[in-house]
Amino acid sequence: MKHLMRIVSEIEKAEKILVLGHVMPDGDDVSSVLSLVIGLERIGKTVKGSIDYTIPWFFYELEEVKKIEPYESLIEYEPDLIVVVDSSSPERVGRFLPLLSRKRTCVIDHHVTNTYFGNVNWVDPTFASAAQMIYRLNMELGVPYDEKLATINYMGIATDTGFFRFSNTDSRVFRDVYELVKLGADPHFVSKMILENKRVEQFRLFAEVLDKMELDLDGKLVYSYITYEMYKKYNCTDEDSSGFVGELRSIKGVETAILFMEYPKGKIHVSFRSKDWFNVSEVASKLGGGGHPRAAGVTFENTDIFEIIKEVIPLTVSLMAGGKSGISKTFKEDLHR
């Protein structure tokens, strides 16, 4: 509670505020940035919000998403205070990174791998989503909620719990969404926007992911990849593969799923998911990334996707099963082509 109140104090003292999310934004990130921007506007603050990355197209079914401005439009903006949400390390804010060293910064995050890079840090991994923390902050600030804000805030909780399927779904999650629905949140709209809004090209791309899929450790580990050429073949971008790793994890008997994604050329993002016991953030952290015990990731620049596979799969197998060799025959053929 004291960390929340310190954030409140910083916001009350500031007039111009910049709210930042992380690169490769997900529903919790978009929700947290937007919920706080709208909340601060409603209490009379001058506020801008930004994510230095392309926001997936389907989020624009919420017209308020247009409030999240691109980096280029905020180069001249000089805030009194920066609030970084849902980001475990400073590099996650993209090109805004140099600004953090010049401006007073608050961090609001729920990742266990957070590096506490703000002047004031409210980091609490017991929350399933950053959106829950923003909800509490808005309540403390006296922000009035309507159907739009309640729905946007709800979205972050729903998406970061896998629509209440993940192991981070606890009684506090249900209490929070109960309150938000009472305030007007529309769960049907959110689930339709996120879950029932796929392009045909995405399914064709996912068919190739399944074709490249390999199982290891007696079916406990599944992994696959998407090259840049595969994305281009189906007129897709990395936005279109969001959720694919979760589908791999859904396979019966699988504990850990890994998806390697190359977009753009030479930039490799590795997404990790687990079901019950394996801490994927341990793997991601060893590789320079971070995240949660059941969902984590890491990004590599200017490299080859198959070189990254050669590094990541043996490390994961070693941590899961004590050092067994872990690249399948099919993958070895790709690695040495």
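This is a predicted model: local features need pLDDT of at least 70, side-chain atom pairs count only at pLDDT 80 or more; totals for chains, interfaces and linings use all residues.
**Exercise 1. Helix pairs**

Is the crossing of α1 and α4 right-handed or left-handed?

*Solution.* Two packed helices are described by the angle between their axes and the distance between the axes.

Step 1. Helix α1, residues 2-13, packs on helix α4, residues 130-141, with the axes 10 Å apart and an angle of about 55° between them. Angles of 65 to 115 degrees count as roughly perpendicular and those under 35 as roughly parallel, so α1 is oblique to α4. The crossing of these two helices is right-handed.

Step 2. On the α1 side the contact is made by Leu4, Met5, Ile7, Val8 and Ile11, and on the α4 side by Arg136, Leu137, Glu140 and Leu141. Sorted by class, the contact of α1 with α4 has seven nonpolar residues, no polar residues and two charged ones.

Step 3. For helix α2 (residues 27-42) and helix α5 (residues 147-160), the axes come within 8 Å and cross at roughly 155°. Angles over 145 degrees count as roughly antiparallel, which makes α2 roughly antiparallel to α5. The crossing in which α2 passes α5 is left-handed.

Step 4. In α2 the residues that meet α5 are Gly27, Asp28, Val30, Ser31, Leu34, Ser35, Ile38 and Arg42, and their counterparts in α5 are Leu149, Ile152, Asn153, Met155, Gly156, Thr159 and Asp160. The residues of this contact of α2 with α5 divide into six nonpolar, six polar and three charged.

**Exercise 2. The six-stranded sheet**

Determine the strand order of the open sheet of six strands, and explain why β7 and β11 stand at the edges.

*Solution.* Step 1. The order is β7-β8-β9-β10-β12-β11, and the pairing within this open sheet is mixed. Because β7 (214-216) and β11 (290-291) each have a single partner strand, one side of each is left without a neighbour in the sheet.

Step 1. Between β10 (residues 268-274) and β12 (residues 295-300), six bridges form in the antiparallel sense, and Val270 has Val298 of β12 as its bridge partner.

Step 2. β11 and β12 also run antiparallel, joined by two bridges, with Gly290 partnered by Gly297 in β12. The hairpin from β11 to β12 goes through three residues.

Step 3. Helix α8 (residues 200-212) lies across β7, β8 and β9 and runs at about 130° to β8, whereas helix α12 (residues 305-321) lies across β7, β8, β9, β10 and β12 and runs at about 165° to β9.

**Exercise 3. Local geometry in the loops**

Which geometry does the aromatic pair of Tyr71 and Phe96 have? Then examine the backbone at Pro264 and Asp86.

*Solution.* Step 1. A search of the whole structure finds 12 aromatic pairs. One of them, formed by Tyr71 and Phe96, has its ring centres 5.0 Å apart and its planes at 75°; planes over 60 degrees apart count as edge-to-face, so the pair is edge-to-face. Tyr71 belongs to the loop between β3 and β4 and Phe96 to the loop between β4 and α3, so that the pair links distant parts of the chain, 25 residues apart.

Step 1. Most residues other than glycine have a negative phi, and most peptide bonds are trans. The bond joining Tyr263 and Pro264 is cis, with omega about -5°, and Pro264 is found in the loop between β9 and β10.

Step 2. Asp86, a residue other than glycine, has a positive phi near 55°, and Asp86 lies in the loop between β4 and α3.

Key: Residues are numbered from 1 along each chain as its sequence is written. Side-chain values use heavy atoms; hydrogens and water are left out. Two strands pair if DSSP finds at least two bridges between them. Helices (H or I, at least four residues) and strands (E, at least two) are DSSP runs, numbered from the N terminus. Contact means heavy atoms within 4.5 Å. Axes are lines fitted to C-alpha atoms, for helices over the stretch in contact, and angles run from 0 to 180 degrees between N-to-C directions. A crossing is left-handed if the near helix is turned anticlockwise from the far one by less than a right angle, and right-handed if clockwise. Ala, Val, Leu, Ile, Met, Phe, Trp, Tyr, Cys and Pro count as nonpolar, Asp, Glu, Lys and Arg as charged, and the others, Gly among them, as polar. Rings of Phe, Tyr and Trp (its six-membered ring) pair if their centres lie within 6.5 Å; planes under 30 degrees apart count as stacked, over 60 as edge-to-face and the rest as tilted.
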